[in-house]
Amino acid sequence: MLKNLFGGKAKQDAAAQPASPEQPSTDIAQPEVSLADLPAKLQTLLQEQPKFHAIYEDTELIEADCCNWAIEQQILVWISENVKPGFSTLETGCGYSSVAFAIAGAQHTVLSPIAAEHDAIQRWCAGKEIAMDKIEFLAKASQDVVHSLPQTPLDVVLVDGNHAFPTPFIDWYYTAERVKEGGRMMIDDTQIITGKILKDFLVSEEGRWVLETELGKTAIFRRVTSESVTRGFWFGMQPYCKDPVD
Ligand SMILES: C[S@@+](CC[C@H](N)C(=O)[O-])C[C@H]1O[C@@H](n2cnc3c(N)ncnc32)[C@H](O)[C@@H]1O
């Protein structure tokens with residue numbers, strides 16, 4: 001059976017998408033975003049709708065350049081408005097968001113396992129004269145490497161790689177301490193249970209994260225403390241965990 005490890009994205013190009021149990025269709029519509037709101041190169045991206053994503057089984061490539069699981073357009077707008085040149089940023093997964101971080105001028109790390117997807121993004125960007133010299137592509141599953149990266153501070157993290165349990169939590173855990181006070185943690189696909197649990201947990205946290213905005217299926221949190229956000233408290237100190245379950 002062909003597997004796609006992320007699944008569940010709203011489809012920009014539904015007719016072209018392969019079906020599998022890991023790709024439940026959703027009825028979530030793409031919100032209307034005027035192309036005029038976007039920088040010219042992002043407009044070109046959305047007009048041309050290149051297919052950066054691949055079909056693969058584990059890490060074996062089955063077909064490259066065949067799918068588009070892009071994040072919602074309003075998140076591309078958010079990146080273009082909020083990510084400034086010189087920001088240090090990281091995402092799990094890759095695609096249109098990677099292009100948006102590149103256009104914004106971020107020093108950006110991409111963690112995702114399929115090199116063919118990185119090649120497709122780089123090829124398309126080269127053709128549009130979008131500089132990729134600040135983008136570091138690591139062709140690894142995030143859960144295998146995110147803990148071992150240099151602990152440099154980050155302005156923005158986007159969690160949008162593998163949505164199966166427990167990967168989003170691993171992605172969050174090993175990047176959360178790196179987010180600067182005032183920096184942002186973006187959790188995509190909150191219509192999937194893993195994204196929803198992570199969002200609900202972060203919403204419940206007191207004095208650590210504030211839900212800055214929620215755009216479609218993406219929740220964007222601002223870190224509001226310089227104290228640790230992953231250590232120093234037992235479950236009874238966490239609003240999300242303290243009450244017994246039924
Ligand atoms: C939903 S897509 C990301 C969409 C992207 N943010 C965009 O705007 O186009 C999910 C991505 O996660 C990648 N992925 C799958 N398993 C992964 C893993 N274990 N770690 C990191 N990325 C993974 C896929 O190859 C794919 O690029």
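Which helices each supply at least two residues of the shell around the ligand? Helix 3 (96-104) and helix 5 (142-145) do.

1. **Basis.** This is a predicted model: local features need pLDDT of at least 70, side-chain atom pairs count only at pLDDT 80 or more, and totals for chains, interfaces and linings use all residues. Residues are numbered from 1 along each chain as its sequence is written. Helices (H or I, at least four residues) and strands (E, at least two) are DSSP runs, numbered from the N terminus.

2. **Ligand shell.** The ligand is surrounded by 25 residues. A residue counts as near if its C-beta atom, placed from the backbone, lies within 6 Å of the molecule. Ile71, Gly93, Gly95, Ala141 and Gly161 are the closest. By class, the shell has 11 nonpolar, 11 polar and three charged residues. Here Ala, Val, Leu, Ile, Met, Phe, Trp, Tyr, Cys and Pro count as nonpolar, Asp, Glu, Lys and Arg as charged, and the others, Gly among them, as polar.

3. **Thr167.** This residue lies in helix 6. Is Thr167 buried or exposed? Thr167 is buried, because 20 other C-beta atoms lie within 10 Å. The cut-off for buried is 20 or more such atoms, placed from the backbone; 12 or fewer means exposed, and in between is partly exposed. Leaving aside neighbours within four places in sequence, Thr167 is in contact with Ser142, Gln143, Gly161 and Asn162. Contact means C-beta atoms, placed from the backbone, within 7 Å. Thr167 and Ser142 are 25 residues apart along the chain, yet their C-alpha atoms are separated by 7.8 Å.

4. **Helix 6 and helix 7.** The axes of helix 6 (residues 167-176) and helix 7 (residues 193-204) come within 9 Å and cross at roughly 35°. Axes are lines fitted to C-alpha atoms over the stretch in contact, and angles run from 0 to 180 degrees between N-to-C directions. Pro168, Phe169 and Trp172 of helix 6 meet Thr194, Gly195 and Leu198 of helix 7. That contact has four nonpolar, two polar and no charged residues.

5. Strand 1 (residues 53-57) and strand 2 (residues 60-67) pair in the antiparallel sense over four bridges. Pairing requires at least two DSSP bridges. Glu57 has Glu60 in strand 2 as its bridge partner. Two residues separate the strands, and Asp58 in the turn has a positive phi of about 55°.

6. **Core.** The largest nonpolar core has 53 residues. Such a core joins buried Ala, Val, Leu, Ile, Met, Phe, Trp, Tyr and Cys residues through C-beta atoms within 7 Å. Helix 3 gives the largest share, seven residues. Ala100 is one of the members that touch the most others.

Methods. Contact = placed C-beta atoms within 7 Å.
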